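Please find below some comments on the model under review. They are set out as numbered points.

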Amino acid sequence: MNVDLQRPVFVLDGVDVPFTTGQTVMQAALAAGHYIPHLCYHPEFKPHGSCKVCTVRVNGQTFASCTLPAQPGMEVESNTDELNDKRRTLVQMLFVEGNHFCPGCEKSGNCLLQAVAYDLGVMSAELDHLFPNRPIDASHPDVLLEFNRCILCELCIRASAEIDGKSVFALSGRGITKHLIVNAESGRLADTDIALTDKAMEVCPVGVILPKRVGFRVPIGQRRFDASPISAQALEDAPRTPAPRARGQA
Amino acid sequence: MPFELETAANPGSLRRVVIEPVTRVEGHGKVTILLDNDDHVQQVRLHIVEFRGFEKFVQGRPYWEVPVMVQRLCGICPVSHHLAAAKAMDQIVGAHHVSPTADKIRRLMHYGQILQSHALHFFHLSSPDLLFGFDSDVAKRNIVGVAAEHPEIATQGVLLRKYGQEVIRVTAGKRVHGTGAIPGGVNKVVTVAERDELLADAYQVVAWSRAAVHLAKKLHLANVGLYNSFGAFRSNMLSLVAADGAMDLYHGVLRARDDAGRIIFDGVNYDRYWDQLTEEVKPWSYMKFPFIRSLGPEAGWYKVGPLARVQNCDHIPTPLADAERREFIDFGGGQPIHATLAFHWARMIEMLFAAESIKDLLHDDDILGGELVTTGERQERGVGVIEAPRGTLIHHYRVNEDDQIVRANLIVSTTHNNQAMNESIRQVAKRYLDGRQLTEGLLNHIEVAIRAFDPCLSCATHALGKMPLVVELVDAGGERIDAVVRNGDGVCVGG
């Protein structure tokens, strides 16, 4: 007997998606093998809903799918021209809000922002660059903080607080002046207790938190997104369930 | 006045002809010519008007990022900047000797670069002038015209460049702007499949490169009066050579000869290049003027690149290229060759050297495996010098204890050749433009001289022989009295 027959389902772009009570639309979709573009969502952390790249439409209203609880029978639109246009604009705004120089960036090929942009077909920023002045923090002997690339996803904040138990990172400011800070009176990373083994070191989706002196050690061709696009890889992060039934299928 | 035609005595009373833009790589240059009322040339200057800024904006960046970042100086020879910066960073991480595997993979990358850049320059950029004539029909004077009339030559040029790019892809990860060289070594080896794929064509590439030397030599000898005299000037010559005096384009010591071929200095460790070389700033150009410190700015300027290198070394360590070198030297009859157009002949000898070196390296199993990265005691200062396709390239950095670049000094090949190129176009202007009404064909003579050096300024929009130019005649009061515009499509229209 198919266990999915006993689970409630919602409809994503015309396909039934089974879910377990308590799952979000994002969690259920990924588990069932359906990719919804996202940036600040990470399967190991409580959903945050800040980047809005995972926005879907339900009954004419838009929601962040990473925080939207799945409900039986809900009709969810995700892969539509309208929503993908909005996602492209959101990603372009992230690019122009910081200083993202992919050609010289050691995270290129391993960067989620770059990968999502490629996957969505973003070929240029199109908007005016803000070129903010964000000096890097190279004070720590083992860790480089490259603020120019921060997209304020707060994954490092969540990882440091929830798993490392250190609270090395926080956000400060409001609106366009919002920025990442470190938990030290001096404001220098060298005066925090961050360590190379911290979870916060591995969750940054872009090239902000970097171990020193290892950049470019992985050759082109062996970087994460040289192998396959993020839309294929994101599904590997989620626990898989049996393939969903198409609507109307017996 | 140190140099003839550099500065006119009374510029305010002269008519001004401006060639602008003469494109530099990813930037612009221009040539200004001042004429008196009888159209006699009184002043000629090559200006590199672009402000690049790499030395400034590399400051504050982590040192391991630099070999990748500085490649963006150029789309034609990014590997040269990549490797020069990597060699400087070797010193920063204390890797005074990288592993044999790293050394050979970097050399393979570099000779791929020499091969593709020299092929591009000779076949795509210069052969239209050399095969059709400097003032031939502008509609035909491009690589498409060469392909129509000499399909075999054009095809070999394209395939030689392609092969060089494939060597770069295999060693750096991408044909343009790869990441293969890292501080202390390389990030990948060559696989057996990649080696076999390249080796399959290596002998054909050597044969085509040898044919290219013969073509350049034939063109020179067929019109020896023009080729020996066009834009010719005597100067000192500078390049790296191996410790034993052999040609080595990847690593070595600095050697300089005077215009008669006598040694000025030799065996100089480039770690302290500034003991021998310094730079002068002139108010009319953003590009500095390097010179040999002991000789001063008036006598100490020099040329770099193929013409200097082929004559500066004692021998070339591959047999076919060395045989061609000996024939070239014999052509000089015991005196150094200073003909600007002889750059092309020398350049093709180097391309043959690169092709033979690639073939030899592909037979060396060290490229298939071994130690990739070496480190040692951290240093504050790193200097990397390499012979780029266009000439000696110096990268010099200081790094603070937080691993950030605090100072950078880059002396690129075109800068070394600054005075030399100015001398050459002055010779051309004096001989071909003096007292004559300007035409597109005459202006192209200026470009032919600039192009012989293969400076970065011929790289961008000139790739199809249609460098956009604006020539203006301005009277002494600054009023424009005439202009000719050549568009990017090569069509000339009145102003």
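1. In this predicted model, helix α6(B) passes helix α7(B) in a left-handed crossing. Helix α6 of chain B spans residues 151-172, and helix α7 of chain B spans residues 192-222.

2. Two packed helices are described by the angle between their axes and the distance between the axes. Here the axes of α6 and α7 of chain B come within 10 Å and cross at roughly 140°. Because an angle over 145 degrees would be needed for roughly antiparallel, α6(B) is classed as oblique to α7(B).

3. Which residues meet across this pair? On the α6(B) side they are I153(B), Q156(B), L160(B), Y163(B), E166(B), V167(B) and V170(B). Their counterparts in α7(B) are E194(B), L198(B), D201(B), V205(B), W208(B), S209(B), A211(B) and L215(B). By class, the contact of α6(B) with α7(B) comprises 10 nonpolar, 2 polar and 3 charged residues.

4. Turning to the chain as a whole, chain B contains 15 helices and 17 strands. It has 495 residues, of which 53% count as buried. Where contacts in chain B link residues at least 6 apart in sequence, 69% of them join residues at least 24 apart.

5. Chain B also touches chain A: 19 residues of chain B are in contact with 16 residues of chain A. The chain B side of this contact consists of 5 nonpolar, 8 polar and 6 charged residues.

Terms used. Residues numbered from 1 in each chain as written. Chains lettered and ligands numbered in written order. Predicted model: local features only at pLDDT ≥ 70, side-chain atom pairs only at ≥ 80, totals over all residues. Axes fitted to C-alpha atoms, helices over the stretch in contact; angles between N-to-C directions. Helix = DSSP H or I, 4+ residues; strand = E, 2+ residues; numbered from the N terminus. Parallel < 35°, antiparallel > 145°, perpendicular 65-115°, else oblique. Left-handed = near helix turned anticlockwise from the far one by under 90°. Contact = placed C-beta atoms within 7 Å. Nonpolar A, V, L, I, M, F, W, Y, C, P; charged D, E, K, R; others polar. Buried ≥ 20, exposed ≤ 12 C-beta atoms within 10 Å, placed from the backbone.
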